[in-house]
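Subject: Handing over the two-chain model

Dear colleague,

I am passing the structure on to you with this email, and I would ask you to keep it open beside the text while you read. My notes on what was found follow just below it.

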Amino acid sequence: MAEAVRRDYDVLVIGAGGAGLRAAIAASAAGARVAVVSKSLLGKAHTVMAEGGIAAALANVDERDGWKVHFADTMRGGQYLSHPRMAELHAREAPDRVRELEAWGALFDRTPDGRILQRNFGGHRYPRLAHVGDRTGLEMIRTLQDHGIHQGIDFHMELTITTLLTAGAPGDTRVVGAFGYDRERGRCATFGAGAVILATGGIGRAYSITSNSWEYTGDGHALAYEAGAELLDMEFVQFHPTGMVWPPSVRGILVTEGVRGEGGVLRNSAGRRFMFDDIPANYRTQTADNEEEGWRYCQGDKNARRPPELLTRDHVARCIVREVREGRGSPHGGVFLDISWIEQRIPKAAEHIKKKLPSMYHQFHQLAGIDITKEPMEVGPTTHYMMGGVRVHPETQMSTLPGLFAAGECGAGLHGANRLGGNSLSDLLVFGKRAGEHAAEHARSVGAGPIDERQLAEAERRALAPFDRAGGGEGAYAIQHDLQSMMQDLVGIVRRAPEMEKALTALAGLRERAARVGVHGNREYNPGWHTALDLPNLLTVSEAVTRAAIERTESRGAQFRDDFPEKDAELGKVNIVVRKGEGGAMRVERVPLPPMPAELAAVIEEMK
Amino acid sequence: MAQATFSIWRGNAGGGDFVDYRTEVTEGMVVLDAVHQIQSESANDLAVRWNCKAGKCGSCSAEVNGKPKLMCMTRLSDLPLDEPVTVEPMRAFPRLRDLVTDVSWNFEAKKKIKRFAPRPPDAPDGTWRMAQEDVDRVQEFRKCIECFLCQDVCHVLRDHGLQERFIGPRLLVYAAALEMHPLDGADRVRDLWQEHGIGLCNITKCCTTVCPESITITDNAIIPLKERVVDELHDPLVRLFSKRDRK
């Protein structure tokens with residue numbers, strides 16, 4: 001029988017990154033009893049890795065900026081698949097969310113007149129990213145954490161949710177709680193809640209080269225899917241163009257786009273700035289066509305256009321792949337990213353680099369033995385961010401399943417086919433707050449629901465099953481490793497139908513292996529067991545990515561189909577939705593884009 | 001390829017011992033890579049905390065060859081590999097399992113420090129003005145990744161176990177960041193003396209030495225706080241014109 005400890009709240013937040021913390025603060029401020037559960041300790045979530053900054057049209061550095069420009073940049077960057085209302089709310093509300101952080105103690109870098117400084121970033125027309133050197137995410141998560149601990153929120157650290165609990169007849173279900181286990185002792189835990197907010201981040205661990213830590217196994221995506229909610233835009237996985245490539249142990253670790261914002265340039269083995277060779281038509285008027293103009297842009301010249309290194313991430317990543325594939329790569333299969341060259345332009349360049357990019361300096365110095373003030377870095381694409389996620393209402397963040405909300409990376413709709421750098425930190429604040437407020441309101445109006453003991457018993461049985469096969473089953477790491485290499489090879493940056501069909505077959509095989517996984521040891525802080533329980537989530541999101549990518553027979557944003565290299569106007573009118581069909585098979589469906597309000601269409605036209 | 005031996009502490013609160021594992025060493029590897037490799041090859045249930053693997057989250061703190069380190073930033077090429085590399089959990093915290101310790105005390109103790117309290121906004125739009133140079137000083141403290149290596153090495157906590165009376169270097173840095181924040185108006189000086197035990201620090205600077213973020217903990221955070229304590233609480237002249245006037 002169920003041994004789980006039972007706890008009851010109005011709102012349960014799963015995940016303690018920026019979105020989860022902001023949601024919890026908002027829900028608590030709205031009067032709800034709130035708990036946050038997180039797989040790691042407080043302050044360690046992936047938000048901490050965000051480097052470059054948070055996008056908000058504060059217009060502190062360039063007075064021409066405003067929500068309309070930010071909105072239009074986001075829509076263009078997302079190849080017009082973003083939910084227009086979400087993009088509008090995001091652009092309108094981000095400045096207030098940033099100022100609020102300052103009121104909670106965050107210390108951003110300053111302009112000469114003492115306001116929040118903003119920097120250039122890919123796809124943003126004006127300097128827009130509020131930042132703290134290259135450790136903006138740390139500043140943000142610590143500010144939210146230190147504010148949050150005084151708000152009467154209960155934090156349950158190192159606790160993993162494996163199942164959402166639902167109530168109601170089929171077709172009329174709602175979420176009423178969640179089941180999980182604590183990592184320390186392996187004890188089962190049950191939460192009853194009027195509303196549950198997913199803030200679990202991304203799916204990076206589905207790939208072998210990734211900037212993501214062990215945590216990012218698509219838990220929120222899979223929990224929502226299994227409970228009956230819809231997923232959206234799952235084909236759009238962002239491969240960040242600049243991850244470390246050497247030595248092997250650091251492969252995939254992020255190199256901030258801020259390096260390019262500060263004037264860093266990409267070169268191939270012949271020393272050529274290859275980004276000038278391929279500038280997409282819809283960015284041509286905004287992009288510098290010579291090195292001199294690009295440099296002036298990075299120095300704040302308002303009449304200069306941005307260098308092609310600051311084109312959107314999907315495009316830069318593909319150009320790097322092309323250079324490597326055509327034999328013009330660096331010795332370890334990347335290209336060169338050089339910031340040291342700015343010594344030709346400014347005095348005391350080394351000090352400037354260390355001041356503006358301290359953690360990049362530190363990271364390369366410590367891990368690769370490279371001094372970035374003196375020599376170029378070797379970089380290549382790394383799995384970074386999931387544009388796709390739980391399909392939510394643009395204003396409330398509630399999913400298609402009542403009582404279930406999603407915010408931050410595990411939600412979908414804002415970024416469309418490609419996310420602009422800096423838009424994730426603003427996303428998680430804007431929509432974290434909205435999710436928290438609306439979840440609190442929802443919980444207040446519907447109250448607690450009945451927890452079904454059978455669901456609970458089944459969740460517990462599944463969580464403990466790997467121990468039944470302790471002697472015989474295969475270890476979880478080997479299966480996870482095989483999954484990662486398979487996805488990297490077959491459903492990576494460049495995709496083709498036959499390879500993805502092969503991936504589906506491979507996934508079926510991996511699922512069978514995962515069903516037989518066994519663990520050694522006991523329930524006390526046992527990472528082998530934890531990995532075994534993360535596996536089904538990774539398999540579910542991998543399948544969703546693959547099926548959605550097969551369905552989208554075109555190249556757009558982060559999805560590049562070698563067999564369909566062009567955009568298809570018809571597919572530009574739809575999002576792809578994934579849901580669990582009757583009988584348990586995954587269903588994929590094209591749904592028309594949400595209608596574009598006339599006033600927003602006018603804004604896009606005005607900003608062209 | 002070269003092999004090396006890692007002597008890793010295995011056990012729980014009830015006790016344990018070092019177990020030797022041999023594994024292959026490749027170019028650029030850090031201690032955390034070796035631990036992961038061993039976990040995947042021969043010790044699936046080896047407990048270790050980690051997240052970013054780039055020195056930014058402060059999760060993988062341990063003692064490597066007896067020295068407090070982030071495992072992700074400790075390169076094997078900097079260690080003598082002809083003898084076993086010992087890896088053990090931080091000693092200042094209760095052991096949970098293998099390399100994982102119970103660091104929850106740090107989170108609890110932080111709550112007792114008076115929270116940030118900004119002065120009223122400077123501009124009608126509700127924003128503030130701050131000079132970069134005033135921000136710089138506090139930004140140093142805000143680099144802290146909460147790895148708790150400074151707490152681990154602090155003899156007041158490690159050897160004397162005075163967690164009830166002393167918040168330790170990490171939280172003194174936190175208090176310094178608040179006290180020196182250009183906008184903050186709260187006063188934590190009496191608390192620092194009476195509740196947080198700042199007097200117990202005798203400036204051995206061990207914390208500064210181990211800080212992976214190179215925060216000058218003792219000189220820039222703790223000593224200025226100690227000076228404030230002396231000025232405000234022990235200087236008879238200042239006491240005469242008490243703090244009420246300062247506010």
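This is a predicted model: local features need pLDDT of at least 70, side-chain atom pairs count only at pLDDT 80 or more; totals for chains, interfaces and linings use all residues.

Chain A as a whole

Chain A holds 16 helices and 21 strands, and its C-alpha atoms fill a box of roughly 70 × 50 × 50 Å when this is taken along the principal axes. A compact globule of 608 residues would have a radius of gyration near 25 Å, and the 23 Å of chain A agrees with that. Of the 608 residues in chain A, 62% are buried. If we consider the contacts in chain A between residues at least 6 apart in sequence, 74% of them join residues that are at least 24 apart.

Although A:Ala19 and A:Val430 are 411 residues apart in sequence, they are 8.6 Å apart in space, C-alpha to C-alpha. When its neighbours within four places in sequence are left aside, the contacts of A:Ala19 include A:Ala199, A:Ala407, A:Leu428 and A:Phe431.

Strands and domains of chain A

In chain A, five strands form an open sheet of mixed pairing, in the order β17-β15-β10-β20-β21. Because β17 (411-412) and β21 (586-592) of chain A stand at the edges with a single partner strand each, one side of each is left without a neighbour in the sheet. Within this sheet, strand β10 (residues 231-232) and strand β15 (residues 389-391) of chain A run antiparallel and are joined by two bridges, and A:Leu231 has A:Val390 of β15(A) as its bridge partner. Helix α15(A) lies across β10, β20 (574-580) and β21 of chain A, and runs at about 45 degrees to β21(A).

Another strand to look at is β11 (residues 237-244) of chain A, where eight of the eight residues are buried, so that this strand is largely enclosed by the rest of the structure. Six bridges join β11(A) to strand β14 (residues 377-386) of chain A, with the two running antiparallel, and here A:Gln238 stands opposite A:Tyr385 in β14(A).

The domain assignment of chain A gives domain 1 (240-381) and domain 2 (467-592), whose centres, taken over C-alpha atoms, are separated by 31 Å. Five residues of domain 1 of chain A are in contact with five residues of domain 2 of chain A, and helix α8 (residues 313-325) of chain A supplies the largest share of the domain 1 side, namely four residues. By class, that side of domain 1 of chain A has three nonpolar, no polar and two charged residues.

Chain B

Chain B is divided into domain 1 (3-101) and domain 2 (104-246), and the contact between these two takes eleven residues from domain 1 of chain B and twelve residues from domain 2 of chain B. On the domain 1 side of chain B, the touching residues divide into six nonpolar, three polar and two charged.

β1(B) and β2(B) pair in the antiparallel sense over ten bridges, and a hairpin joins β1(B) to β2(B) through two residues. In this pair, B:Ser7 stands opposite B:Asp20 in β2(B).

Where the chains meet

How many residues does each chain give to the contact? Chain B gives 46 residues and chain A gives 48 residues. The elements that give two or more residues to the chain B side are α1 (31-41), β6 (95-97), α2 (104-111) and α3 (132-142) of chain B, and α3(B) gives the most, with five residues. By class, this side of chain B has 19 nonpolar, 14 polar and 13 charged residues.

One of these elements, α1(B), has nine of its eleven residues buried, so it is largely enclosed by the rest of the structure; among the buried residues are B:Val31, B:Leu32 and B:Ile38.

With best wishes

Notes:
Residues are numbered from 1 along each chain as its sequence is written. Chains are lettered from A and ligands numbered from 1 in the order in which they are written. Domain bounds come from an automatic or database domain assignment. Two residues are in contact if their C-beta atoms, placed from the backbone, lie within 7 Å. Ala, Val, Leu, Ile, Met, Phe, Trp, Tyr, Cys and Pro count as nonpolar, Asp, Glu, Lys and Arg as charged, and the others, Gly among them, as polar. A residue is buried if 20 or more other C-beta atoms lie within 10 Å of its own, exposed if 12 or fewer, and partly exposed in between; C-beta atoms are placed from the backbone. The radius of gyration is taken over C-alpha atoms; the globule rule is 2.2 Å times the number of residues to the power 0.38. Two strands pair if DSSP finds at least two bridges between them. Axes are lines fitted to C-alpha atoms, for helices over the stretch in contact, and angles run from 0 to 180 degrees between N-to-C directions.
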